[in-house]
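I opened this notebook to record what I looked up in a two-chain model. The entries are kept in the order in which I made them.

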Amino acid sequence: MNLLIKGGRVIDPTQKLDETLDVLVENGVIREVGRNLAAPAGAETIDASGCYVTPGLIDMHVHLRDPGFEYKEDIVSGTQAAVAGGFTSVCCMPNTKPVIDGKAVASYIINKAKSEGCCNVFPVGTITQGMNGDRMSEMGELKETGCVAVSDDGKPVKSSELMRRALQYAKGIGIMVISHAEDLDLVGEGTMNEGFTSTELGLKGIPRVAEDIATVREIMLAEYTGAPVHIAHVSTAGSTRVVREAKARGVQVTCETAPHYFTLTDDAVRGYNTNAKMNPPLREAEDVAAIKAGLADGTIDCIATDHAPHHLDDKDVEFNEALNGIVGLETSLPLALRLVAEGVLTLKQMVEVMSVNPANILGLGRGTLKAGTPADITVIDPELTWTVTADGLRSKSKNSPFLGQAMKGGARYTVVGGKIQFRR
Amino acid sequence: MSFRHKHIIALRDLNKEEIELLIATAESMREINSRDIKKVPTLRGKTIINLFYESSTRTRTSFEIAAKRLSADAVNISPSTSSATKGETLADTALNLLAMKPDIIVMRHAVSGSHYFLANKVSCSIINAGDGAHEHPSQGLLDMLTIKDKFGRLDGLKVAIVGDITHSRVARSDIQGLTKMGSSIFLAGPPTMMPPGVEKLGNVTVCGTMKEAIQDADVVMMLRIQQERQGKTLMPNTREYSRYFGLNPTNLKLAKPGAMVMHPGPINRGVEMSSYVVDGDQSHILKQVENGVAVRMAMLYHVSGGGSVE
């Protein structure tokens, strides 16, 4: 099917484009970006006036819960949520059941996504077999099967020796290691950020230094081995600072943050709100400021949601019992647009952190509107106003701290491989 | 004035007038406790469930006696576990109990904030008998009543609280209550047991040493060392702890002459307090326990909507 996206503000940092142009899609591939393009016979024309037309957004950190926890989310519902949020590609984390530590599970995900999903799904395999932190998984086979990175997300690799070897080995294979950087001894039994709010609520705190120390370890290991490393969900001022310093001296480190870390503080936990419970936890105002500064100066490469669907049964319980995580696919874009409205990011930077950079870090061959590339395109209406509601979310799970909140901006059309997978 | 709260979960949620009302009511309840026949019909026909997920002798007995002295029917339940992964969830337990039409559930639970969770699920009143490291409002109220008995007022006093502040719900309720009443709190304890930002909870000064905190204090409140909650990393051992943060007849002399010594119990004799102090003239520890019954009567009475007490 062919498609002409007319009259939108095309923002493609890979071609230094930011002007009103048309985008022509033929047979699932971008044919041309230019002025006053004519629609070929039979092509659908999208009027994109007033909208931004960007390379399809990429969320490099989501949990699709499939296989094993389909009552929370599955590949169908998760990718529906993704395209509704403007994402054309997602990378799904391996803490499924069974975990993605071999060809069987990775193939299952890739095949199901191809046949039933609405967007590109790139699995992330585990760093260790069974994700139990003992032996490296078969990274070669994982890569051959289609995994774009390895990570023991949710369960930091405790052994520095194993992490060192994993970085070296992965470098040889040519696959990125994504680290969930937390020192589990320092995390202890903490359930929220350690600070005044945890003191007042009487909840056990997770100190920021738990993340900072682990981030420093990964940087030192990356520097020592000469291997690249990507730090997942950076939430603290300290981590941001050490990544900035490491980049300045040439360490191959990249990192991501999640929308909640630049939008909310641990004040959101007040009332023992389990939809404000995640790992790493929401921090304090100075961290939010540091995360924004890190996005602005390029220290933080990506915005990734850490979309973590949980069933009501896992969240509607006492605070300590509630599982960590929130859904994020459908609220990420408007929250990122807030940064643009605040002047933290330019639109170009927003497209970089939400599309170009994750594509480059993981070698996805996307994140661009160059002719000849797969036609993954997001048409964003910055003026769209809507309210986050449980019924409105496409995800099976409704564990969002933004329920009831007004949002501005969102996807009008999400085009995946030339096909309109979402429109509103 | 009337009491406008359906639940009593935290002293943080109450204002000064409401705390004064509860204390004044408790003072009048004491008269009942000194009668030969210690019972009034005020809460006759009301059903109160004491749901204790953590062990307790003092608090549970005190709530039970308080209910019975007001002629309410009190039932005690102690589920063996609080974990949602083992057996019934808290919400399901509560809803099942609610189906039996209690008027008040008095709960103790290891998870901070679980009473707010419960209050959103049930239609009866909830009274907090202690939640995690959050609050223990009846203890805070009985501490204030005991202090008022001695000084006739609750403002302008220097109150030292010594021990593991991080894990203490008693400390949080005392800080909330006494700050609202106009007193000053001075905290001491190993830095490993001092939670961040605690000075912002009220009129609180964090002291570097125990000496600094108890110097010229009107009240010295000692907290129990709760090793079961602490883990192993917060202090070397109880011997060293008591050397620096234990109350004994010598360092007690730093406080004002006749200063009150208090402790929420149960006491680790020889750890946070020497027996000479526990059993000494300045100890008000058993007076605290005695006042506990009156305070809990006042709490049950007010969440039941008040009315006349015969």
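The entries below go from the chains to their sheets, helices, contact and loops.

**Entry 1. Ground rules.** I note that this is a predicted model, in which local features need pLDDT of at least 70 and side-chain atom pairs count only at pLDDT 80 or more, while totals for chains, interfaces and linings use all residues. Residues are numbered from 1 along each chain as its sequence is written, and chains are lettered from A and ligands numbered from 1 in the order in which they are written.

**Entry 2. Chain A overall.** I found 13 helices and 18 strands in chain A. Helices (H or I, at least four residues) and strands (E, at least two) are DSSP runs, numbered from the N terminus. The C-alpha atoms of chain A fill a box of roughly 65 × 45 × 45 Å along the principal axes. I then compared the radius of gyration, taken over C-alpha atoms, with the globule rule of 2.2 Å times the number of residues to the power 0.38. For 424 residues a compact globule would come near 22 Å, and the 20 Å of chain A agrees with this.

**Entry 3. Chain B overall.** Chain B holds 12 helices and 9 strands. Its C-alpha trace spans about 55 × 45 × 35 Å along the principal axes. With 310 residues, a compact globule would have a radius of gyration near 19 Å, and chain B, at 19 Å, agrees.

**Entry 4. The sheet of chain A.** I traced an open sheet of 8 strands in chain A, in the order E6-E7-E8-E9-E10-E13-E14-E15, with parallel pairing. Two strands pair if DSSP finds at least two bridges between them. Strand E6 (57–62) and strand E15 (302–303) of chain A are at the edges with a single partner strand each, so one side of each has no neighbour in the sheet. E6(A) runs parallel to strand E7 (residues 87–92) of chain A, and 4 bridges join them. Within this pair, A:Asp59 has A:Val90 in E7(A) as its bridge partner.

I also looked for a helix on this sheet. Helix H7 (residues 209–225) of chain A lies across strands E10 (176–179), E13 (229–231) and E14 (253–257) of chain A, at about 165 degrees to E13(A). Here axes are lines fitted to C-alpha atoms, for helices over the stretch in contact, and angles run from 0 to 180 degrees between N-to-C directions. Residues are in contact if their C-beta atoms, placed from the backbone, lie within 7 Å.

**Entry 5. The sheet of chain B.** What is the strand order of the open sheet in chain B? I read E7-E6-E5-E8-E9, which is 5 strands with parallel pairing. The edge strands are E7 (204–206) and E9 (260–262) of chain B, each pairing on one side only. From one strand to the next the twist averages 20 degrees. Strand E6 (residues 184–188) of chain B pairs with E7(B) in the parallel sense over 3 bridges, and B:Phe186 stands opposite B:Thr205 in E7(B).

**Entry 6. Helix pair H1 and H5 of chain B.** I looked up helix H1 (residues 16–33) and helix H5 (residues 137–151) of chain B, which pack at an angle of about 65 degrees with axes 10 Å apart. H1(B) is therefore roughly perpendicular to H5(B). Angles under 35 degrees count as roughly parallel, over 145 as roughly antiparallel, 65 to 115 as roughly perpendicular and the rest as oblique. B:Leu22, B:Ile23 and B:Ala26 in H1(B) meet B:Leu141, B:Met144, B:Leu145 and B:Lys148 in H5(B). By class, this contact has 6 nonpolar, no polar and 1 charged residues. Ala, Val, Leu, Ile, Met, Phe, Trp, Tyr, Cys and Pro count as nonpolar, Asp, Glu, Lys and Arg as charged, and the others, Gly among them, as polar.

**Entry 7. Helix pair H2 and H12 of chain B.** Helix H2 (residues 58–69) and helix H12 (residues 285–303) of chain B pack at about 55 degrees, with their axes 8 Å apart. H2(B) and H12(B) are therefore oblique to each other.

**Entry 8. Where the chains meet.** The contact takes 21 residues from chain B and 15 residues from chain A. On the side of chain B that touches chain A, H4(B) gives the most, with 3 residues. That side divides into 10 nonpolar, 7 polar and 4 charged residues.

**Entry 9. Loops.** The peptide bond from A:Lys97 to A:Pro98 is cis, with omega near 0 degrees. A:Pro98 is in the loop between E7 and helix H2 (103–116) of chain A. A cis peptide bond also joins B:Gly265 and B:Pro266, with omega about -10 degrees.

Definitions and conventions:
Two residues are in contact if their C-beta atoms, placed from the backbone, lie within 7 Å.
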